[in-house]
Structure formats: C-alpha cells, structure tokens
Amino acid sequence: MQFGHFDDDAREYVVTTPLTPYPWINYLGSERFFSLLSHLGGGYSFYRDAKMRRLTRYRYNNIPTDEGGRYLFVHDAGDVWTPTWQPVRAELDHFEARHGLGYSTITGERGGLRVATTFLVPLGEDAEVQKVTVTNVSDAPKRVSLFSFVEFALWNAQDDQTNYQRNLSIGEVEVEEATPSGGSAIYHRTEYRERRNHYAVFGVNERAAGFDTDRETFLGGPFASFADAAVPRSGASANSVASGWYPIGSHSVDLELAPGESHELVYVLGYLENDVEHKWADEAHQVVNKEGAHALLARFATPAAFDAAHEALREHWNGLLATYTVSSSDEKLDRMVNVWNQYQCMVTFNMSRSASYFETGIGRGMGFRDSNQDLLGFVHLVPERARERIIDIASTQFPDGSAYHQYQPLTKRGNDDIGSGFNDDPMWLVAGVAGYLKETGDYAILDEPVPFDNAPGTEVPLFEHLTRSFDFVVSHLGPHGLPLIGRADWNDCLNLNAFSTEPGESFQTTENKTGGAAESTFIAAQLVLYGADYVALAERRGLTEVAQAARTAVDGVRVALLEHGWDGRWFLRAYDYYGNPVGTGADDEGKIWIEPQGFAVMAGVGVERGEDGSVLPDSRAVLALDSVGEMLGTPHGLVLQSPAYTTYRVELGEVSTYPPGYKENGGIFCHNNPWVIIAETVLGRGERAFDYYRRITPAYREAISDVHRLEPYVYAQMIAGKEAVRAGEAKNSWLTGTAAWNFVAVSQYLLGVRPDYDALVVDPQIGPDVPEFTVRRVLRGATYEVTVRNSGAEGVRARLEVDGVPVEGNRVPYAPAGATVRITATL
Ligand code: GLC
Ligand code: GLC
C-alpha cells in the first residue's frame, strides 16, 4: 500500500494523504539554520545546534504525535481549518505534501478555498521563509482570515523541557505592528536582557490585522489543545502580549478574494545575533536593536523575493547532483541514485545524528566513527567541506591514536561524558581520509598540521594521525592476534567488558571487568581493508620502511583472522572476556553475525582465486557469503545475527537487551547490508548484490509502505528482523550511516564507477536486471561518461574501451580538468 508517489521530474515525493503510517519529514537548510518539517507542518527550527539554539518547540512523545510546528489556521465564514490538516484535523477536499530538495509545499483545500504553503531556508540566510498562496476556487466571493502560529522554545531545548520552575517566568516578547518594510513582526527575546545576544523574529510581509504572543490566550485557556484554538474560532486576534508562560507568534491577515482570485503572503522565522555593544535600540536597555531583523524582513518583503530564493536553491541542488548521475531502465534505481540517496547523505552531513523524529537534538554529539563514514557519502558533493570535517575529526584524536568517540559541533571539542575506548574508531579516520584523497587527489591535506585533543602546540601533519591510528590497532592485539575490542567496535552494543547488571548504566561507558582480552574480528577485517590504504599512502610519501612494516603487521592480522577467526562456514564475530568464541555454530543463538562476513570479504580475506582469476567456489569468502544468504536473509533485508538472543547475556552487553528482531539483536541494520552487497560484487555475484540492495532500499519498498511505515524516499537505520513481532517495520529514518554506505555500494560497486588514487575504476556488477545503463561522473574537473552493456553473467568482469580504444584491466587514468572521457564497458 502506498500513501503517495515519486514525481521524478520535479525531484519530489508527493504525499497524497495526511494519514501516513508515521509523520514523513523533510529537512530545510544546509548551512546554519535548519528546520525539520513533516508532511503535516510539524517539526521545529534551530540555529546551528539543535540543543543550544532551538527556535521553536516540538513535543516528542506527544499524542497525537507530531504536535508542534508552524500552523496557519483559516477562518472562512465560521469554518475553522488548517491546510496542513494538523492540528485542527478538519476533513480536506484535497491534500498534498510535496517534499523536495531543501523545500516542501503543503496544499490543503476546503470549502472552495485552496491554501498552498512552500517552506524553505534560503541559501545564505538564517531563516525559514514560507510563501502562502491563498486561492478562492469557488464561484462566490470570499472573506477569510488567516492566523499564523509558531510556538517559541526558550533556546536550550533540554532546559526548555525540564526546568519549568524558572522557565515559566522568563518568557519575553516585543511586538512591532508596523515594520519598516511594510509588514508586522513579533520578536522572541527571552533571556536577551541578560546573557543572550540573540533573538528570533516571526514576521509577515503585510500589515497584520492583529497579533497574539500568549499561548493561553490564543488557545483559549490551559485545557485547550491546538485543535481548539480560540482566537481563530473567534475570527479576530486578541492582541495578547506574553509575560512569562508560553510565548508564541501569531498574526492575523484578513483577505477578500473574488472567484478565482489568489493572494500571496510571505512569512519569515529568523534568528539574529547582535554585538554586545549594539544589543539595544534605547538608552534604558529595554528595546532590542532590530536592525538585523529589519534587513532580513526587507529581503523577503515580496513573493518575488521568495521565488528568487527558491530558484537559487534549485540551482544549488542541480549543481550538487550533477556530480554523479545514472540513466537506466530501472526508475527506482535512478531516483535513489540521482536524487534521494545523495540528498540523504547531505542531510547526514548537516545533522550527523543530532535531530530527527527519532533523535531529539539534545543527545549525542558528532560521532568519530559515524562522521568518518558519513563522509564517504558526501565527499563527492562538497569536497571542501569534507576537508574541514576531516581536520575537525582528527583534532579530537589522542596522541596514542585512540579517539574521543564523540565531539560537540559548536565547540568541536571531544565529549568527556562518553570518552574513548571504542577500538574501531582509529581506523575509520584512515577510511575517511582515503575516501577524500581518492575523490580529490588533494594530498596536501596529509601535511596539514592537526593537534591532538585540540591542544594548541601538539600539531603534527595529518598523516601522522593516520600512523597513530594504525599503530594503535596493531599494538592492541589479543591472545589470538586479533585486535582488542575495547568498549565496542562498530557494533555499539557488543560490550564485552561491560558486565552490567545495574539498570540505566551505560553499556558503552561501563567496564566492570577490565584487563580482559576480548577481541574483535570486525576490527581485524577493518584493519586489513584500510591498512591497505595506509600502506599505499605511506609508499606515496616515500616511507618505504613504514609501508613495509605496516604490510607485515596487516598480514599478521589477516592470518590470525583466517586461523582463529573462522568457524568452519563463516567468520566468528569475537572472542569474549573469557576467550570464548562469539558468533559460532556451537552456540544455540547468535550463531552467525553479519559484520565480519561483509567486511572480511570486502578486504579480500578468504577470497581465493584460480589461475584464470576466478574466485574458487570453496573459498572461505564464498562459504561465508553463502551462509549470510541462508541464515541472515529475509525478504526485508539481512538481519544482523541469527538466531537473535532471547535472554540477557551479561558477557555480551547491550546487544542481548533488545527484544529478538530489533536493533542490534537480529534487526535488519541497514548500515551493514551494503557491506555484504559490496562483498558480493567482489566475488562477481552482481545478481545477489542487487537483490540485497533492493530488499532494503526505500523506493523498492514503497509498495509496502503500510508495513515499512517510514518515508519511502530515505533509508532507515533499522527494519525489524524475522523474529520481531513487527517484522519488516522500519525505525530511525534519515540520520544513519546507511545513507553513505548504500551510496558507496550502489554508485561504486553495483554501477561500478569508483575513484581510486590515480585512476577511475570501472567495474560494474549489478546482475542481469539492468542490462544497459550510463553513468555520468564529474571527478577532479573532468567528466566521464560510462556506458555499460551488461549481460549480468556471474563472475564476468567488464572489458573497457576508452574513447573508442580497448584497454587492459578496469582502470582509467585520470584525465585533465575540463576533459570529457567516453568509456564503454561490456560484460
Ligand atoms: C548506530 C551508531 C553507530 C553504530 C551503529 C551500530 O548507528 O550511530 O555508531 O556503529 O549504531 O551499533
Ligand atoms: C547505537 C545503537 C543503539 C545503542 C546506542 C548506544 O546507536 O544503534 O542500539 O543504544 O548506540 O549509544
């Protein structure tokens, strides 16, 4: 069952009913000001930091869900309704929400009046701007009143939801009935009289008939809901001025519309800062200096100004998305690759894991491992910002090569609450830097001075940070020669030293048993994979001995993985504190885990080839991936391990706390499915790889939206696994490493166009269902047009012609900037 459809030409998803299984959201903004916006107008806005600078209030955990947003109440001859359906929920004659790239348009129609609102954050502005188009589609004249509505959060989102004894007395606003640019505005200035130098403005571009800033007055008392809102029902604003309690912003605008007539209005919700010396407009320090707000409102005083901002945003996205495009016979593949997967990668770049409908924006900072992996999905879009991100991340590393697990985006400092000790973190830095270098060729970054733990004076070249990463892992090996796991590896919930029995104790920071020798096969495979990059970079810098020593160390871990990390038909997952294997057929639960199978084969471990180069059918890599298909495969994707744990295993940690089939305990963790997809392409099994891709990719799941429940245009972190009560149901959409890894899998391995250090590799492996396609890739200033004619036969690699000339192998040396290279690949 579907609740809408893709509009590929417009690059929009069109939600056609308010009653989706869950709020389906979009993100506005890509620089400093961001908004979350559901298809019903719900969500909130913040400036840079979702915790510290929250502009508007949103109620997580509320019923009905998705309460709090920007609303426009219509009063049409006594009939009160909201075109976003929420919050009044009056039946609409027509409803449509279009989520596009950085903007959304929500349209509602009732009783012959159509109201369409487009929301966006203009480039270069710290504001959400809305254009409202009101059309009389009846055949009689209409007099209607519109009541806008936003509810201000008192800046610190956490404090706003906890500290009522103070907060209910501090709310302050200013009202400006006539702004210099001809409209009306409300200013939210709570705490401005003391230490805050920022304020918010909510304005409309025409003189309002009235205003309200006190929530209780607007709603009609403490027991009224948004749906009951008294002021819109009365048909006139009450001109209330908030003093403490709950400040809001609302303007009323009265319109007279002839049949067929339209009227456009522009609303602005903005964030402004003043210098301490220029905070006030008066000597007595009572009136906010509003120059910044006035300039902002003046820039959006007309619908034409809004339209120009919208056009600029379109141009911006056209430019970004031109870097990688595919044209094939599979429209779902094309729309994911060309639009939605890349869009989601940009959103994860902007948000990390901070603010979504599953992340409250007051929790985690930026993850060290998460940010490095996210980078793999956006480095081709904004390489210069990826560079900056790498320096920020590396600056939080410790001198011994370990790292803060998280850092705070506002301060860029490591987060002491969670600290260090996740032993996969170091090698993700190598992964991120390697991805950046392959894309850009900017080797100068390796000489960039970067401090440890942000301490001035400790700067060393970035390459030295990679060395510390590598050395940390190879100098922390356990009794089987495999890397020690520490608090966890990629799987945050595999906590082999935690032994936690206290409710509420963090599994990630608790180590009740230390000095243990718990080892991770995942980190072993990770070291082999990215160790090769470290070796390549050392060689390129002329560090022959360093490279040779590193190669030897990597080989040692590879051999240990094959000898001690192998269970007979698949790779083990770990050795626990006591040295017992985890992820073994000898156990009755958690027999096989996905992570080491995908990562080991990606790294080439267990891939044995015959003389003709084909993979031997009894290779460990083949056995491991066959086991994955048999034991982890479901119609909804590959589960993380099987069977899921049914009892708490204190020696394994958080993983066994989830009910079977959810999250890390047998859920379909969409983040690591692409590792298996890539691994299958390594074996030349494109058909399977593409099959796995389609199981989790949202556009292919659109038809079962009633089961999947979340947005059909972006990946979710998790789909409930086979043992779950609600198998096939997704959770945690948008902010997940799934976005980056699936883009890597589909763009670089299924479609097979991937940057290496000195050449573009063309090696498609997608199976027979996509017989012909063209990829257009812009890289280091040159354009590559790759046309693939694909039999889909298993184990066959493409033969290439470059500008009409057959070449050996699958590597195409980089062309100078400005050049266009035409490649045909036949297999
Ligand atoms: C979440 C975390 C990520 C971790 C994964 C598996 O996605 O953000 O860091 O690797 O869960 O536990
Ligand atoms: C990751 C996991 C989640 C766990 C969390 C702890 O996000 O996905 O299951 O609770 O890490 O930090």
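Student: Is R48 buried, exposed or partly exposed, and what is its relative accessible area?
Tutor: Before anything else, keep in mind that this is a predicted model. R48 has a relative accessible area of 42%, so it counts as partly exposed.

Student: Where is R48 in the chain?
Tutor: R48 is in the loop between strand 5 (45-47) and strand 6. Its phi is near 60°, which is a positive value in a residue other than glycine. Most residues other than glycine have a negative phi.

Student: And what about D453, where is that?
Tutor: D453 lies in the loop between strand 23 (449-450) and strand 24 (460-461). Phi of D453 is positive too, near 45°. With a relative accessible area of 27%, D453 is partly exposed.

Student: OK, switching to peptide bonds. Which residue is joined to P64 by a cis peptide bond?
Tutor: That's I63, and omega there is about -15°. P64 is found in the loop between strand 6 (54-56) and strand 7 (71-76). A cis peptide bond also joins S642 and P643, with omega about -15°. P643 sits in the loop between strand 31 (641-642) and strand 32 (668-669).

Student: Now the ligand. Which residues surround ligand 2?
Tutor: Among them are R364, D492, C493, Y658, K663 and F669. By class, the shell has three nonpolar, two polar and five charged residues.

Student: How far is the polar side-chain atom of Y658 from an oxygen atom of ligand 2?
Tutor: That distance is 2.6 Å. For D492, a polar side-chain atom lies 2.9 Å from an oxygen atom of ligand 2, and for K663 the figure is 3.1 Å. Ligand 2 taken alone exposes 310 Å², and the protein buries 79% of that.

Student: How many disulfides are there?
Tutor: The count comes to zero.

Student: Zooming out, how many helices and strands does the chain have?
Tutor: The chain has 20 helices and 42 strands. Its radius of gyration is 28 Å, close to the 28 Å that the globule rule gives for 827 residues, so the chain is as compact as a globular protein of that length.

Student: And what share of the residues is buried?
Tutor: Buried residues make up 63% of the 827 residues in the chain.

Notes
Residues are numbered from 1 along each chain as its sequence is written. Chains are lettered from A and ligands numbered from 1 in the order in which they are written. This is a predicted model: local features need pLDDT of at least 70, side-chain atom pairs count only at pLDDT 80 or more; totals for chains, interfaces and linings use all residues. Side-chain values use heavy atoms; hydrogens and water are left out. A residue is near a molecule or strand if one of its heavy atoms lies within 4 Å of it. A polar contact is a pair of N or O atoms within 3.5 Å; within protein, one must be able to donate a hydrogen and the other to accept it, and residues adjacent in sequence count only if both atoms are side-chain atoms. Accessible areas come from the Shrake-Rupley method with a 1.4 Å probe; for residues, only the protein chains shown count as cover. Ala, Val, Leu, Ile, Met, Phe, Trp, Tyr, Cys and Pro count as nonpolar, Asp, Glu, Lys and Arg as charged, and the others, Gly among them, as polar. A disulfide is a pair of cysteine sulfur atoms within 2.5 Å. Helices (H or I, at least four residues) and strands (E, at least two) are DSSP runs, numbered from the N terminus. The radius of gyration is taken over C-alpha atoms; the globule rule is 2.2 Å times the number of residues to the power 0.38. Buried means under 20% relative accessible area, exposed over 50%, partly exposed in between (1.4 Å probe, protein chains only).
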